Amino acid sequence: GNVVFYGELVSVSSLYGCFLTMSPQHTSLTTIPGNMKSLMRPVAMMLPDSLPVVEVWMTCRGFTEAKSLSMKINTFFKMISDQALQLHKVLQSNKNVVVLGDAGSGKTTLLHALSGSVNRYEKYSRGFAIHLHNQQCVQTSRGRRTIDKRSSALSPRSDPKQESNQQDKNSCSWPRLELKVVFPKAFTQQELFGYRDEESGLWQDGLISRYFRDSTLTSNTMTELLASNTEETHRTLRGMGGAGHVEKWLVFDGEMDQLWMENMSTVLDSTRTLCLGNGESIAMPANLSVLFESSDLTHAAPSLVTRCAVVHCPDSIVGWKSVFRTWIKSAHSKWDISNRGLGIISCLMDHMVDSTLSFLSTNCRSVLTADYGVASQLSHPSSGIHEVQTLIRYMSAIFDRHILRDDEDIQVSAKHLVWSLRGQLHRKGRISVAGSTSSRQSSGITASDTGKVISTFAFAFIWAFGGHLHERYITLFDSHARELLSSGPYPAIVPSEGLVYDYHLDFSKGLLVPWAEKPGSQVKTLATSYTIVPELDRYLHLLDLMIFDGYPVLLVGQSGTGKSALIQNMVSPRYPYSRIFMAASLSSRLFQEAIEAKLVVLRQRENAHLHARQAASDSPSRHLPAIKSRNQLFFLDDLHYATTDRTGSQPPLELLRQLLSQGSLYDQDCHHYKAVQNIQFIATAAPPSGVSTGGGIASHPLSPRLTRLMTVVSFLPLGRDTLEVIYSNVFRAWLEEFPAYSLTHHSAIAKVMAGAAVEMFSRLRDEFRRSPCHPHFVFTQHDLTRIAQGTSL
């Protein structure tokens with residue numbers, strides 16, 4: 001048939017069909033006449049599942065791991081569409097954003113993922129624009145005639161050059177992002193916003209004021225450069241590539257409170273200026289956005305929060321499964337382990353992690369938060385992130401010692417040699433740590449060595465999920481761990497005697513054996529009268545695993561249980577350290593100066609050693625290989641005593657969190673962040689609910705955003721039998737100074753004296769309990785040590 005179209009008779013085919021596509025959110029949907037709607041059949045379209053689409057597309061393109069790669073791509077774009085795209089849209093309309101979530105919920109991951117994806121998109125779009133521009137240059141005449149012909153029929157005539165430039169502009173509409181992270185609680189008000197020097201009377205800029213000045217200067221310079229239309233300007237812009245379009249994000253990672261945010265009030269309002277103490281105002285550049293990354297808004301002023309858009313990051317953004325998948329994908333290339341072994345680990349994770357996390361949340365408490373009260377606790381970390389990260393650290397440390405591939409053995413052997421040489425230069429009375437060698441003691445894990453994989457996972461699981469619990473919940477976790485480890489697709493063999501903590505991993509046999517059967521774990525006394533027992537040797541083994549692989553460790557236990565003595569007598573001979581006491585008078589500035597001073601001394605020693613080697617060389621022109629920098633270990637004693645501000649934050653520990661997460665320190669003189677490498681931390685702390693700590697007044701709870709970056713080990717109090725063994729050796733060393741007929745006589749008397757001292761200590765602690773009238777009735781293991789010292793005077 002025929003139809004009339006714009007006054008002309010047009011023939012129509014019998015196969016003609018009319019389709020109208022429209023989004024439900026489109027405003028023109030309501031303007032369509034009802035009679036036209038009745039002539040058309042509505043069909044609802046659903047969003048397809050992108051996972052099989054991506055998998056089929058990658059399989060057709062020849063990818064061998066299409067299934068795993070498609071899951072990774074689908075998860076990434078889902079996260080971008082759910083949270084990152086929402087955050088980017090918020091930033092387009094509002095330059096002030098608060099990213100809120102628990103510790104480990106993925107706030108930092110979200111910001112870095114978004115900035116990285118935007119930068120990659122900007123790079124690809126710029127390359128596409130250049131390719132499109134080259135095609136247009138080749139077909140200039142034909143393209144312009146076609147554009148002119150079509151534009152005359154659709155709209156008033158326009159310049160093809162302007163259309164081409166507009167197309168290039170639209171294709172490069174995503175600018176490059178620069179992410180700047182600042183930990184505001186690690187600095188004072190003067191260090192952040194500036195101060196007036198009393199000696200010179202001049203104004204000294206702080207971190208934020210300096211950054212605002214530099215950003216404004218860069219923005220103004222780029223604007224002037226883009227405004228000038230000269231050949232030299234175009235040549236400069238072509239050389240810069242996409243650096244001319246830069247979006248800057250200034251992220252404040254820390255608690256939001258009025259102590260430092262009151263100076264940011266004019267930045268967040270419509271004026272968008274930073275007002276300094278000298279009366280100067282710095283305008284905020286248009287390409288600068290301010291983001292706040294915090295775990296709660298308890299101390300934030302409502303007037304400031306209402307000026308920002310709030311984006312909440314739930315725990316589901318970065319779960320423990322994504323952390324584990326990232327680790328297991330690189331495991332086969334680093335360690336000599338078969339795919340079957342990695343499959344066993346994956347099955348064990350699926351079988352045990354979720355049920356254990358549910359058990360811990362309802363029945364157990366960490367030693368860092370137990371008995372401290374619900375109202376006074378800090379925000380809880382994301383479920384499972386810290387435990388799974390600790391599990392990965394333990395398994396990585398064990399695999400590094402036994403099944404590291406050949407290309408990695410040289411680096412680890414050199415690392416072991418460096419620590420050994422440093423230990424030889426330390427004081428006398430050193431001990432050797434059994435099993436601390438880093439050379440490979442196995443030819444790898446084959447498909448038949450399932451016992452090694454299962455036992456390694458069982459050992460790491462016990463100390464990752466149960467190593468940070470309060471002593472009151474040890475027996476509960478023991479029953480739960482035995483039930484899970486003995487069931488499932490790959491049951492582990494755990495002896496029935498004692499607790500699950502009483503066994504260590506014998507990797508060569510693939511079994512869990514008692515600590516007393518571990519080589520070198522017999523009871524012995526050092527020259528410093530420090531007695532080593534199997535209960536203490538287990539902590540030494542865990543510390544040795546973590547320190548050697550460069551992981552920070554936090555020992556948490558009641559005062560007087562022997563945490564500092566363990567590090568001084570057992571860790572120091574192998575890993576020499578610099579000790580820093582976290583007292584109330586130690587500010588973040590003094591803490592940074594102490595770290596930098598030690599690093600300067602270490603760097604000078606390395607340079608002197610290098611000059612000595614060059615001078616001792618037979619051929620002066622001979623090129624000597626560079627010496628790898630040695631790690632500097634810092635022992636931070638009593639983290640819970642670190643000073644706090646009015647909101648409860650601890651500035652020195654915020655600086656420590658900056659070092660652990662960013663690996664940098666701010667140079668106050670040069671006004672820039674400098675990278676800090678080859679630095680390592682081991683710390684001790686007491687729970688704020690413990691006796692003689694003064695929880696909340698003299699000592700304070702640690703932030704979960706800091707503790708999740710460290711391997712937390714609960715230092716359990718020693719039993720009565722262990723205390724008798726320790727102090728019998730102390731009394732025997734004193735009795736040997738007196739003449740006697742036999743050493744057996746000395747041992748018997750020392751055993752009786754130790755038993756009497758421990759019995760008296762136990763009765764005093766049971767009879768004289770603390771009360772509101774007698775708050776000073778506090779007895780710790782320090783009192784038992786004083787008894788032994790007073791007897792030997």
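Figure 1. The model is predicted, with local features needing pLDDT of at least 70 and side-chain atom pairs pLDDT 80 or more, while totals for chains, interfaces and linings use all residues. Residues are numbered from 1 along each chain as its sequence is written, and side-chain values use heavy atoms, without hydrogens and water. The axes of α16 (residues 385-402) and α18 (residues 450-465) come within 8 Å and cross at roughly 140°. Axes are lines fitted to C-alpha atoms, for helices over the stretch in contact, with angles from 0 to 180 degrees between N-to-C directions. Helices (H or I, at least four residues) and strands (E, at least two) are DSSP runs, numbered from the N terminus. The crossing of α16 past α18 is right-handed, that is, the near helix is turned clockwise from the far one by less than a right angle.

**Figure 2. Residues in the contact of α16 with α18.** On the α16 side are E387, V388, T390, L391, Y394, M395, I398 and F399. They meet T456, F457, F459, A460, F461, W463, A464 and F465 of α18, where contact means heavy atoms within 4.5 Å. The contact residues comprise 13 nonpolar, two polar and one charged. Here Ala, Val, Leu, Ile, Met, Phe, Trp, Tyr, Cys and Pro count as nonpolar, Asp, Glu, Lys and Arg as charged, and the others, Gly among them, as polar.

Figure 3. With a relative accessible area of 10%, H386 is buried; buried means under 20%, exposed over 50% and partly exposed in between (1.4 Å probe, protein chains only). Leaving aside residues up to four places away in sequence, H386 touches T707, R708, M710 and V712.

**Figure 4. The salt bridge between K185 and D257.** A salt bridge is a side-chain nitrogen of Lys or Arg within 4 Å of a carboxyl oxygen of Asp or Glu. The closest N and O atoms of K185 and D257 are 2.6 Å apart. K185 lies in the loop between β4 (176-182) and α7 (189-193), and D257 in the loop between β7 (246-253) and α10 (258-261), so the pair ties together parts 72 residues apart in sequence. K185 is buried at 5% relative accessibility, and D257 is buried at 2%.

**Figure 5. The salt bridge between R589 and E191.** The N to O distance is 3.4 Å. R589 belongs to helix α22 (residues 588-616) and E191 to helix α7, so that distant parts of the chain, 398 residues apart, are linked. R589 is partly exposed, at 35% relative accessible area, whereas E191 is buried at 11%.

**Figure 6. The salt bridge between K509 and D506.** The closest N and O atoms are 4.0 Å apart. K509 is exposed at 59% relative accessibility, while D506 is buried at 18%.

**Figure 7. A network of salt bridges in the chain.** D253, E293, E654, R657 and R705 are linked in this network. Across the whole structure, 23 salt bridges are found. The chain holds 27 helices and 22 strands, and 44% of its 793 residues count as buried.
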